[in-house]
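Welcome! Here is a short briefing to read with the structure open beside you. Take your time and look up each part as you meet it.

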Amino acid sequence: MKINTSLKRLAVAAAFTGCVCLAKAQAIKLDETLPAYQPVSGISGKLTSIGSDTLNNLMTYWAEEFQKFYPNVKIEVEGKGSSTAPPALIAGTAQLGPMSRKMKAEEVDAFEKKYGYKPRLIGVAIDALAVYVNKDNPIQSLTFQQVDAIFSSTRKRGGQDIKTWGDLGLTGEWAAKPISLYGRNSASGTYGFFKEITMKNGDYKGSVKEQPGSASVVQGVENELGGVGYSGIGYKTSGVKALAISDKAGPVEATQTNAESFKYPIARYLYIYINANPASGPDPLVKEFIRFVMSKEGQQVVIKDGYFPLPAKKAADYLESSGAK
């Protein structure tokens, strides 16, 4: 199996935080009614995945486990942002398009213009997009209005600009400490999702330090006492903490139960898009990869990476709609 060099660097980072992922994996529950994966004969060839950085490690783990069933399959994974998935699927340079957001209307239209049908959308895991602070920061929660005032220059949720931790009520040595902002770049689906949900599509402040990957956002916050940033729950380390987020019902923590019920206000599905002709269905290799992802073994990999697995009913629904059942 071939994995690109940028992914190898992420794998090193993942290994460094392996004990953290293990602790999270022990706390996350798998729906035991998910079906076990049943391999089939005659599967070989090459798969290419191009898209979301948020799913980068997860796609790698899935690829490694899938290859245990099918040693003759070669898989390449590239994760530079969700916006790279639609062009790759349209051009045929990738069969798998992982995305941390849904395709925009114009992306779906461009695909349909070429192929005469829409791409298939498959939810593969649940993420609680977290707002992280350094582990030594005493703050415990933020409201949507505060998150907006921290990251946005337009503050569509109202309120005053927030620049220091004292503006959020912290006292003592924290009162005058500047807030240092970390975020993703515009190629990222996480960038767009966070902008839409927390900022009502307002503008980011120019002081946000845009990072090329999810891991580097968390690393920045971990290394800077006054840092705050947003990233997927699967990238949480022991050096940061995920804040509870308040919408209307008070502070809600980024737990499996709250994410699965979407009570946590920044929960989302993570997706893989595929090209599947309605008349013939997905390519056999793509079909088997999707079947594996939606199985008990595939969803156990989701837990390994620190995300939340799908309930069996939701996995069955997505498998049915994918054409891979």
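Predicted model: local features only at pLDDT ≥ 70, side-chain atom pairs only at ≥ 80, totals over all residues.

Helices and strands here are DSSP runs, numbered from the N terminus.

- Most residues other than glycine have a negative phi.
- Arginine 155 has a positive phi, near 45°, and is a residue other than glycine.
- Arginine 155 counts as partly exposed because its relative accessible area is 27%, and partly exposed covers the range between under 20% (buried) and over 50% (exposed).
- Lysine 200, in the loop between α7 and β8, is not a glycine either, yet its phi is positive at about 50°.
- With a relative accessible area of 44%, lysine 200 is partly exposed.

**How α6 meets α7**

- Two packed helices are described by the angle between their axes and the distance between the axes.
- Helix α6 (residues 144–151) packs against helix α7 (residues 189–199) at an angle of about 125°, and their axes are 9 Å apart.
- This angle makes α6 oblique to α7.
- On the α6 side the meeting residues are Phe144, Val147, Asp148 and Phe151, while α7 brings Phe194, Ile197, Thr198 and Met199.
- Sorted by class, the contact of α6 with α7 holds six nonpolar residues, one polar and one charged.

**The buried side of α8**

- Which residues of helix α8 are buried? In this helix (residues 214–223) they are Ser214, Val217, Val218, Gly220 and Val221.

**The largest nonpolar core**

- In soluble globular proteins, nonpolar side chains tend to be buried together.
- The largest nonpolar core has 98 residues, and Trp62, Phe151, Phe289, Ile290 and Met294 touch the most other members.
- Strand β13 (residues 267–274) gives the most to this core, with seven residues.
- Leaving out residues up to four places away in sequence, the residues that tryptophan 62 touches include Leu55, Val124, Ile272, Phe289 and Val302.

**Alanine 244**

- Alanine 244 sits in strand β11 (residues 244–246) and counts as buried because its relative accessibility is 8%.
- Beyond its neighbours within four places in sequence, alanine 244 is in contact with Gln140, Ser141, Leu142, Pro251, Val252 and Glu253.
- Alanine 244 and isoleucine 139 are 105 residues apart in sequence, and their C-alpha atoms are 9.7 Å apart in space.

Methods
Residues numbered from 1 in each chain as written. Heavy atoms only, no water. Axes fitted to C-alpha atoms, helices over the stretch in contact; angles between N-to-C directions. Helix = DSSP H or I, 4+ residues; strand = E, 2+ residues; numbered from the N terminus. Parallel < 35°, antiparallel > 145°, perpendicular 65-115°, else oblique. Contact = heavy atoms within 4.5 Å. Nonpolar A, V, L, I, M, F, W, Y, C, P; charged D, E, K, R; others polar. Buried < 20%, exposed > 50% of the residue type's maximum accessible area, 1.4 Å probe, protein only. Core = buried A, V, L, I, M, F, W, Y, C linked by side-chain atoms within 4.5 Å.
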